[in-house]
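Subject: Structure handover

Hello,

My notes on it follow below.

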Amino acid sequence: MTRPPCPYQLAGLATLEATVDIAMRALVEAYRELHRDPEPGDSAESVTAARLVDQCGRLLAALDAHRRQLIRP
C-alpha cells in the first residue's frame, strides 16, 4: 500500500536538488581545472573538489530516482 506523496515532500526534494546543483556548479566555477582530465600533479584540493562534484552528481541522480518513485502512479 503506497500513499501519495505529500506536497511538502516534493518541495523539499526540489529544494535539496537545487541546493546540490548550485553547490556543484560553484565548485566547477571555482576550480577551472575540473574542466580537464585529472593529471598526476593536481593538488589535493582539486582532487577533493573533483570527488565532491562526482558525489553531487550521484546524489542528484539518486534524488531524481526517488522523486520518480514518489510520483509513480
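A residue is called buried here when its relative accessible area is under 20%. Over 50% is exposed, and anything in between is partly exposed. Please keep in mind that this is a predicted model.

Overall form

The protein chain has two helices and zero strands. Its radius of gyration is 16 Å, well over the 11 Å that the globule rule gives for 73 residues, so the chain is more spread out than a compact globule. Along the principal axes, the C-alpha atoms fill a box of roughly 55 × 20 × 15 Å. Buried residues make up 19% of the 73 residues. Now take the contacts with a separation of 6 or more: 66% of them join residues 24 or more positions apart.

Helix α1

Helix α1 covers residues 7–30. It has 24 residues, which at 1.5 Å a residue should span 34 Å. The end C-alpha atoms of α1 are 35 Å apart, so the two values agree. Which residues of α1 are buried? They are Leu13, Glu17, Val20, Met24 and Leu27. These buried residues pack against α2.

Asp21 is also in α1. Its relative accessible area is 23%, so Asp21 counts as partly exposed; the cut-off for buried is under 20%. From the C-alpha atom of Asp21 to that of Pro7 the separation is 21 Å, with the two residues 14 apart along the chain.

Helix α2

Helix α2 runs over residues 44–70. Its 27 residues should span 39 Å at 1.5 Å a residue. The end C-alpha atoms of α2 are 39 Å apart, which agrees. The buried residues in α2 are Ser46, Ala49, Val53, Cys56, Leu60, Leu63 and Leu70. What covers them includes α1.

- Ser46 sits in α2. It is buried because its relative accessible area is 7%, against a cut-off of under 20%. Leaving aside neighbours within four places in sequence, Ser46 is in contact with Tyr31, Glu33 and Leu34.
- Not counting residues up to four places away in sequence, Arg67 touches Leu10, Leu13 and Glu17. Leu13 and Glu17 are among the buried residues of α1. The C-alpha atoms of Arg67 and Val53 are separated by 21 Å, and the residues are 14 apart along the chain.

The second largest pocket

What is the volume of the second largest pocket? It is about 200 Å³. The lining consists of Val28, Glu33, Leu34, His35, Arg36, Pro38, Asp42, Ser46, Val47, Ala50 and Val53. By type, that lining divides into six nonpolar, two polar and three charged residues. Helix α2 gives the largest share, four residues.

Some of these names have come up already. Ser46 and Val53 line this pocket, and both are buried residues of α2. Glu33 and Leu34 are in the lining as well, and Ser46 is in contact with both.

Best regards

Technical notes: Residues numbered from 1 in each chain as written. Predicted model: local features only at pLDDT ≥ 70, side-chain atom pairs only at ≥ 80, totals over all residues. Heavy atoms only, no water. 1 Å grid on protein atoms, 1.4 Å probe; cavity = no way out; pocket = protein on both sides within 12 Å on 5 of 7 lines; lining within 4 Å. Points joined across faces, edges and corners; volume = space filled by probe spheres on them. Nonpolar A, V, L, I, M, F, W, Y, C, P; charged D, E, K, R; others polar. Expected span 1.5 Å × (residues − 1). Buried < 20%, exposed > 50% of the residue type's maximum accessible area, 1.4 Å probe, protein only. Contact = heavy atoms within 4.5 Å. Rg over C-alpha atoms; globule rule 2.2 N^0.38 Å.
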